[in-house]
Amino acid sequence: MSTRTGRAAGDAHHTPATTAPHATPAATAAPVSAPASGSASGSGTASGTASGRTGRAFDAVLCDLDNVVRFYDTAPLAALERAAGLPVGTTEDIAYAPEVDLPLLLGRITPDAWVESITAALAGRVGEDRARELGRALADAPFRADGEVVALLRRARTHVPLVLVTNATLRLDDDLALLGLDDLADAVVSSAVEQVAKPDPAIYRIAADRAGVPLDRCLFVDDRQENVDAAVALGMTGVLHREPADLRRALGPCAEAAPPRTGRAG
């Protein structure tokens with residue numbers, strides 16, 4: 001499963017209460033007309049278009065995965081923690097400590113090795129077997145995709161390139177396939193593959209390069225304020241995501257499906 005920085009080192013399923021503007025404007029930049037590279041099959045891609053013709057503040061969408069598109073169900077884990085006499089959230093506090101989580105997000109250890117790290121940290125409190133059960137319940141927590149967000153992103157991709165930018169594990173490709181989202185984006189930038197995690201500026205530069213768009217023509221969407229702040233510092237337009245309405249507002253006309261193109265009759 002993917003995790004996040006702060007309470008977790010990557011993109012996780014719990015979000016602290018944070019107040020911030022829904023969008024932060026970026027500086028105006030030169031228009032882009034080249035299509036995104038590495039286009040995935042499926043929904044099709046529209047190239048970035050000159051802002052003078054569209055009025056958009058962006059020519060590509062870079063979007064987080066967890067807590068924006070994907071959400072985890074940790075109720076089974078919470079039940080196990082209560083049965084073990086632990087406060088709910090104890091397993092996540094341990095699992096998402098940077099020293100435990102970051103090696104997973106950088107692709108240095110497997111999810112199984114992550115579970116063993118959680119087990120070692122919890123064993124003194126609940127015994128090894130129960131500690132491992134708790135770690136496994138977190139690693140294998142069921143997840144779902146937000147259908148409204150997915151629909152918005154698919155529509156956006158008919159206008160501009162879409163890149164997923166996520167602090168993830170080496171299981172990300174399999175997870176996207178399970179969700180039926182392996183064709184959602186033109187490219188996927190994963191911390192475990194790139195070996196750099198948000199909010200490091202390097203991962204934002206990689207994502208913009210995959211989109212084929214300058215940094216200051218990118219719309220960046222994330223549920224973590226520090227990740228949005230890092231994007232804005234690079235000149236991107238930042239969107240703090242709390243609900244689908246945040247994404248819809250930020251996308252503007254790109255939240256609507258592009259009209260079908262009509263070809264010349266031959």
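Start by selecting Leu-184: with 0% relative accessibility it counts as buried, because buried means under 20%. Keep in mind that you are looking at a predicted model. Leu-184 sits in the loop that links α8 to β6 (187-190).

Next, colour the largest nonpolar core, which has 29 residues. Val-61, Cys-63, Val-69, Leu-153, Leu-219 and Leu-251 are the ones that touch the most other members. To see where the core comes from, show β2 (60-63), α7 (147-157), β5 (162-166), α8 (172-179), β7 (218-222) and α12 (244-251), the elements giving two or more residues each. The top contributor is α7, with 5 residues.

Zoom in on Cys-63. Leaving aside residues up to four places away in sequence, Cys-63 touches Val-68, Val-69, Leu-153, Leu-162, Val-163, Leu-164, Val-165 and Val-221. Then pick out a second, separate core of 21 residues, with Ala-208, Cys-218, Ala-230 and Met-236 among them.

Last stop: the helix pair α5 (residues 111-126) and α6 (residues 128-139). Their axes lie 7 Å apart, at an angle of about 140°, and the two helices are therefore oblique to each other. Their crossing is right-handed. For a look at the contact, select residues including Trp-114, Ile-118 and Leu-122 in α5, along with Arg-132, Leu-134 and Leu-138 among those in α6. Coloured by class, this contact shows 10 nonpolar, 2 polar and 6 charged residues.

Terms used
Residues are numbered from 1 along each chain as its sequence is written. This is a predicted model: local features need pLDDT of at least 70, side-chain atom pairs count only at pLDDT 80 or more; totals for chains, interfaces and linings use all residues. Side-chain values use heavy atoms; hydrogens and water are left out. A nonpolar core is a set of buried Ala, Val, Leu, Ile, Met, Phe, Trp, Tyr and Cys residues joined through side-chain atoms within 4.5 Å. Buried means under 20% relative accessible area, exposed over 50%, partly exposed in between (1.4 Å probe, protein chains only). Helices (H or I, at least four residues) and strands (E, at least two) are DSSP runs, numbered from the N terminus. Contact means heavy atoms within 4.5 Å. Axes are lines fitted to C-alpha atoms, for helices over the stretch in contact, and angles run from 0 to 180 degrees between N-to-C directions. Angles under 35 degrees count as roughly parallel, over 145 as roughly antiparallel, 65 to 115 as roughly perpendicular and the rest as oblique. A crossing is left-handed if the near helix is turned anticlockwise from the far one by less than a right angle, and right-handed if clockwise. Ala, Val, Leu, Ile, Met, Phe, Trp, Tyr, Cys and Pro count as nonpolar, Asp, Glu, Lys and Arg as charged, and the others, Gly among them, as polar.
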